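Here is a short briefing on a protein model.

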Amino acid sequence: MERQYDLIIVGAGPAGMSASIYASRAGLKTAMLEMGAPGGKLIKTAEISNWPGIKSTKGMQLASEMFEHSTAFGSEYVYGNVTEIKDKEPYKQIVLEDGTLYEARAVIVASGTQERMLKIPGEIENVGRGVSYCAVCDGAFFKEKEIVVIGGGNSALEEAEYLTQFAKKVSIVIRRDQFRADMILQQRIKENDKIEVIAHHVPIQIFDSEGKVSGIELQNVLTKETMKKECAGIFPYIGLDPCTQFLTNLPVLDTHGYMIVDENCETACKGIYGAGDVRVKPLRQVVTAVSDGAIAAQHAFHQIKGI
Ligand code: NAP
């Protein structure tokens with residue numbers, strides 16, 4: 001038996017939760033499908049300091065408040081892993097991993113991105129034994145230990161700074177001699193005595209001993225020389241890939257797997273929208289994600305009601 005809605009939202013991060021607020025307030029029968037905890041990247045972010053009106057808040061706090069808001073007007077929150085979306089114009093079918101079928105007049109995909117892996121020997125087998133992609137979740141396991149953070153973007157620098165409250169020392173490894181992160185973050189890590197920067201290096205192997213990470217081998221990209229660095233924790237923050245594996249049957253993705261949308265956040269398939277980090281866009285931020293969610297939900301409402 002199909003579950004029928006006006007609007008299905010895939011993903012309950014900031015974009016999905018914002019869409020949920022706008023759609024349910026407009027009176028659409030709405031459900032958010034999510035395979036993890038609500039909040040998306042927010043729940044993995046220690047501090048949010050660019051949400052207008054609040055100078056600084058914890059990611060988990062903002063996520064929890066947004067979630068309460070997103071279900072306050074009747075929108076349902078449903079656990080589910082989406083494996084396919086079928087465009088049966090004018091209806092969309094949303095297929096879950098367990099075979100459950102949802103049907104809706106419109107779908108907003110707000111499934112976000114996932115952390116890229118280093119793809120080097122020793123990485124996968126040491127996830128949870130010292131290799132982690134979430135400083136907020138695992139940082140406290142590394143009290144007075146040495147940690148290596150890979151990457152020079154906003155994520156790497158923010159999380160490296162967060163980790164200094166636990167670690168004895170945090171080494172940031174970047175493959176060039178420049179960061180991608182915002183200047184304010186670069187300045188803060190420069191002033192932090194617990195942080196060192198290792199430029200022109202890439203990781204090539206992770207070592208373990210007695211079931212725990214014991215070190216990492218780095219290679220100088222200029223000289224090709226290698227060095228071994230002892231550490232207990234390794235946090236790769238080398239960028240993100242879109243969570244769009246369930247959309248490959250539809251003509252909605254660019255060559256990198258991001259959703260191509262118009263100014264209404266609608267794809268080439270009428271009634272299928274992309275909102276937040278999952279879509280092609282110049283700035284991936286909480287504020288731009290919630291904006292996308294609002295625009296997509298409002299347009300879906302107009303379409304469904306034939307306005
Ligand atoms: P990012 O900005 O794409 O940075 C990725 C970093 O990893 C770069 O320094 C890159 O080096 C490095 N890198 C990539 N592949 C590598 C490899 N194989 N080996 C070693 N290093 C590698 O990724 P991000 O920091 O995850 O951020 C993603 C998006 O979210 C960005 O748009 C960012 O602005 C946004 N974001 C914003 C905030 C905020 O505003 N507070 C916080 C987090 C994220 P190169 O520079 O040499 O390419």
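Cysteine 243 is buried, with a relative accessible area of 14%. Buried means under 20% relative accessible area, exposed over 50%, and partly exposed in between (1.4 Å probe, protein chains only). This is a predicted model: local features need pLDDT of at least 70, side-chain atom pairs count only at pLDDT 80 or more, and totals for chains, interfaces and linings use all residues. Residues are numbered from 1 along each chain as its sequence is written, and side-chain values use heavy atoms, with hydrogens and water left out.

**The disulfide**
- A search of the whole structure finds one disulfide (a pair of cysteine sulfur atoms within 2.5 Å).
- Cysteine 134 and cysteine 137 form this disulfide, with sulfur atoms 2.0 Å apart.
- The torsion about their S-S bond is about 70°, so the disulfide is right-handed.
- Cysteine 134 is buried, at 6% relative accessibility.
- Cysteine 137 is partly exposed, at 46%.

- Cysteine 231 is in no disulfide; its nearest cysteine sulfur, in cysteine 134, is 18 Å away.
- Cysteine 231 counts as buried because its relative accessibility is 6%.
- The sulfur of cysteine 243 lies 15 Å from the closest cysteine sulfur, in cysteine 134, which is too far for a bond.

**Helix 4 and helix 5**
- Helices are DSSP runs (H or I, at least four residues), numbered from the N terminus.
- Asn154, Leu157, Glu158 and Glu161 in helix 4 meet Leu185, Gln186, Arg188 and Ile189 in helix 5; contact means heavy atoms within 4.5 Å.

Conventions. Helices (H or I, at least four residues) and strands (E, at least two) are DSSP runs, numbered from the N terminus.
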